[in-house]
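Here is my notebook from an afternoon with one protein model.

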Amino acid sequence: MWKIGVTGGIGSGKSTVSQRLQDLGAVIIDADKVAREIVEPGQPALKELDAAFAGVLNEDGTLNRAELARQAFATPEATEKLNSITHPRIRERTNALFAQAEQAGEDVVVYDMPLLIENGETSRVDHVLVVDAPDEVRVRRLVESRGLDESDAKARIKAQIDRESRLAAADTVLDNGGTVDELLAQVDQFWSKTVANR
Ligand code: ADP
């Protein structure tokens, strides 16, 4: 089983790339999805977040993600506090998903992980695929298509590793400074060349 880590800053186009790789036959392990699952009501991480941050639960007991993000991305210390609660749970669950894919005899698994490099997780995969776009392009896309406000988008980008360090860790870089079609063509080429000849 060949493991591809897809990473890139928020708004770089990771989901778009992962979706195409899934269409081409890969199984996806989505770290963001896992991150949401481990903070569902009844999960231990939710209790710990409630204890560590003020007022981050909705009345129905679910996580108020916007409020948590506001507090957790305000300072490096708060981000670290969030990570220390969530990251071990995410790792445990993704390990289980990798094992499950291996058992099912999957050929190619994609680990879609925004913080692959920041968290030192590149050794968990065989190939690091970085989706790259300039910061200002990412801010614009996040504001236009995801409805984030500009200062929130910028703060999230700032909380992540800088572009140069991310590119330095890449085995392959996909340039998403252009159109979606141009990005998808690069994914197809990656699949037919790099994945096929691994
Ligand atoms: P990520 O998963 O890295 O946060 P997404 O793939 O969700 O990024 O892309 C962020 C947003 O930008 C999405 O709404 C997506 O449809 C849009 N998008 C991605 N690539 C492009 C592109 N080349 N041109 C215009 N919009 C794009």
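**Entry 1: starting from A31**

The model is a predicted one, in which local features need pLDDT of at least 70 and side-chain atom pairs count only at pLDDT 80 or more, while totals for chains, interfaces and linings use all residues. Residues are numbered from 1 along each chain as its sequence is written, and side-chain values use heavy atoms, with hydrogens and water left out.

A31 lies in helix 2. Helices (H or I, at least four residues) and strands (E, at least two) are DSSP runs, numbered from the N terminus. Is A31 buried or exposed? A31 has 4% relative accessibility, so I noted it as buried. The cut-offs are under 20% relative accessible area for buried, over 50% for exposed and partly exposed in between, with a 1.4 Å probe and protein chains only. I also checked A31 against Y111: they are 80 residues apart along the chain, yet their C-alpha atoms are separated by 7.1 Å.

**Entry 2: the cores**

Next I asked which residues have the most contacts inside the largest nonpolar core. They are L49, F53, L63, L68 and Y111, in a core of 29 residues. A nonpolar core is a set of buried Ala, Val, Leu, Ile, Met, Phe, Trp, Tyr and Cys residues joined through side-chain atoms within 4.5 Å. Two or more residues each come from helix 2 (31-37), helix 3 (44-52), helix 4 (65-72), helix 5 (76-103), strand 3 (108-112) and strand 4 (127-132). Helix 5 gives the largest share, seven residues. Apart from this core lies another, of 16 residues, with V17, A26, V187 and V195 among them. A background note for myself: in soluble globular proteins, nonpolar side chains tend to be buried together.

I then picked out L63, which touches V39, L46, L49, V56, L57, N58 and L68, setting aside neighbours within four places in sequence.

In helix 3, I found A45, L46 and L49 buried. These buried residues fall within an arc of 100 degrees seen down the axis, so they line one face of the helix. The arc is that of the directions from the helix axis to the C-beta atoms. K47 and A51, on the other side of helix 3, are exposed. The cover over the buried residues of helix 3 includes helix 4 and helix 5.

In helix 1 (residues 14-23), the buried residues are K14, V17, S18 and L21. They sit on the same side of helix 1, because their arc around the axis is only 95 degrees. I wrote the general rule beside this: an α-helix has 3.6 residues a turn, so residues three or four places apart point the same way. Among the elements covering the buried residues of helix 1 are strand 1 (2-7), strand 2 (27-30), strand 5 (172-175) and helix 9 (180-195). After helix 1 comes G25, with a positive phi near 125 degrees.

**Entry 3: strand 4**

How many residues of strand 4 are buried? Six of the six are, so strand 4 is largely enclosed by the rest of the structure. H127, L129 and V131 are on one side, and V128, V130 and D132 are on the other.

Strand 4 runs parallel to strand 1, joined to it by four bridges; two strands pair if DSSP finds at least two bridges between them. V6 has L129 as its bridge partner in strand 4. Strand 4 also pairs with strand 5 in the parallel sense, over four bridges, and there V130 is partnered by V173.

I stopped at D132 too, which counts as buried at 10% relative accessibility. Beyond residues up to four places away in sequence, D132 touches R163, L167, V173, L174, D175, N176 and G177.

**Entry 4: the ligand**

Which residues are closest to the ligand? They are K14, S15, T16, R146 and N176, out of 15 that surround it; a residue counts as near if one of its heavy atoms lies within 4 Å. A polar side-chain atom of K14 is 2.7 Å from an oxygen atom of the ligand. For a polar side-chain atom of R146, I noted 2.6 Å to a ligand oxygen atom. G13 has a polar backbone atom 3.0 Å from an oxygen atom of the ligand.

How values were computed:
Contact means heavy atoms within 4.5 Å. A polar contact is a pair of N or O atoms within 3.5 Å; within protein, one must be able to donate a hydrogen and the other to accept it, and residues adjacent in sequence count only if both atoms are side-chain atoms.
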